[in-house]
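Subject: A structure for you to look at

Hi there,

Here is the structure I promised to pass on to you. Please open it alongside this email, and then read on for what turned up in it.

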Amino acid sequence: MSSLRFFLVSTQQPSIRRLSTLTQVVEKRLNPELESIRQAGTWKNERVISTSQSAHIKVERSPNKLLNFCANNYLGLANNSEIIAASKNALDEYGSGLSSVRFICGTQTIHKQLEQRIAKFHQREDAILYISCFDANAGIFETLLKEQDYIISDELNHASIIDGIRLCKAKRLRYKHKDMSDLEAKLQESLKGKDENAIRLIATDGVFSMDGTIAPLPDIKRLADKYKALVFVDECHATGFFGPTGRGTEEHFGMTGQIDIINSTLGKALGGAAGGYTTGPKALIDLLRQRSRPYLFSNTLPPAIVGSAMKAIDLIESDTSLPGRVLENAKYFREEMQALGFKILGDAHPICPVMLGDARLASQFADEMLKRDIYVIGFSFPVVPKDRARIRVQVSAAHSKADLKRCIDAFAQVGRQLKNINMSNERKTWPEFVGKDANEVESQLKAEGFNVEIKEDGSPCTRDYRLDRVRLFVDDNNKIVRAPTNG
Ligand code: PLP
């Protein structure tokens, strides 16, 4: 009896202690941190999509279909029927997964085929697959660079590049975003090292995901040649659609094949599932297979994803109009929004950050857009710098002109309604209002978000409606007699 009592006490005590420690951590550390995120207004709510990813989606608790402007579904392939069929075929033929990492017993014929397709697509010697581009970025720097080497990185590089760099022992230098004189200064600083064989690696996003800006690759390459540096480019927001045939930022600048190492994703334009890769010289890819930790210690990419990525490359190679479509849509959206007076960062790219400045305004703006069935997301600190909050609109080849127009009109309405948007460039005339009843027009304009102020000008036959900077002239019968132009 006494030994039984002893047994009970000795097994219960540790678990009681463990629970109370956890409770303490939750109360003292986790809950205050969660509360501080809420207080800062930067809490990220995930909306739950109840359809496949597409330009038109349904979201839980939203009765209507939403027009989606916040996926990286640049080519609209995420629910493409041929890609789904290819994915199912691969699933049937090769099974759901490998239950293994690549080097133990996880490499199938389709993995080798996809690696060759990717290398050929980028005109490189070889390629290696990862479960994500985050992993590809986590594996590359530690494998390639040692203590004596230098990594020189754009300050706005993606978090996965920053984390990958943290894992390596090379000396780290950071240059100001796209600032070539600062990059040159950092390259000069790297010359102070004593090791003549030190590797200097410049790392940049091809297209920067928060700003839609494009790395000046020709200038970077010129400096790299001058200082005998290598260039690494993350092409997640370029592969498949940027450049005339979708080969990415290199192709956009007419310099295909000149960048030393490319990392990219299969989880955006190339079918939208998941997966990443490095492509470059064969010796580098061989070394990654031997040493890269996310490759060595993480499971093989599932066959269904390999099948869908392979089909996405087929589609891009066989329909060269596909990349053109998304870039044309982006151009239209940017031009129309700029004509309204919105400030859009970046250029010529479907990432269109609509700059609003204030974090709460960005979040309020996104909520108002949602009321109009347009799904966009406000980004604020710490995702982007303080006072640089924005709504990031991502245009897709799957958007029709009517979709884009609806989105632009909603931006105009919300911009007027919230009044703190610089829409001073707005040039709007309404010849169609001539002869119409002024009260009807007034309520229509109010519904569109104009701040209508009615002013009598003393003349018996003219009333002066000031609509921001626009005047409506009406006769005694309350009919509009002159179309408004900017006042
Ligand atoms: N690099 C950039 C520039 C990205 O935008 C992303 C994803 O958001 C990644 C890397 C990570 O890609 P993946 O989703 O394949 O891990």
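Predicted model: local features only at pLDDT ≥ 70, side-chain atom pairs only at ≥ 80, totals over all residues.

Residues are numbered from 1 along each chain as its sequence is written, and side-chain values use heavy atoms, with hydrogens and water left out.

Helices (H or I, at least four residues) and strands (E, at least two) are DSSP runs, numbered from the N terminus. Two packed helices are described by the angle between their axes and the distance between the axes. For helix 13 (residues 321–340) and helix 15 (residues 401–418), the angle is about 25° and the axes are 10 Å apart. Axes here are lines fitted to C-alpha atoms, for helices over the stretch in contact, with angles from 0 to 180 degrees between N-to-C directions.

Contact means heavy atoms within 4.5 Å. Among the residues that meet are Tyr332 and Phe333 in helix 13, and Leu404 and Phe411 in helix 15.

**A closer look at Lys401**

Lys401 has its place in helix 15. Leaving aside neighbours within four places in sequence, Lys401 is in contact with Glu328 and Tyr332. The C-alpha atoms of Lys401 and Asn329 are separated by 7.5 Å, though the two residues are 72 residues apart along the chain.

**Helix 8 and its buried face**

Which residues of helix 8 (residues 217–226) are buried? They are Leu217, Ile220, Lys221, Leu223 and Ala224. Seen down the axis of helix 8, these fall within an arc of 165° (taken from the directions from the helix axis to the C-beta atoms), so they line one face of the helix. Their cover includes helix 7 (180–190) and strand 7 (230–234). After helix 8 comes Lys228, with a positive phi near 50°.

**One more pair**

Helix 5 (residues 133–144) and helix 10 (residues 282–291) cross at roughly 100°, and their axes come within 10 Å. That makes helix 5 roughly perpendicular to helix 10.

Happy exploring!

Methods:
Buried < 20%, exposed > 50% of the residue type's maximum accessible area, 1.4 Å probe, protein only. Parallel < 35°, antiparallel > 145°, perpendicular 65-115°, else oblique.
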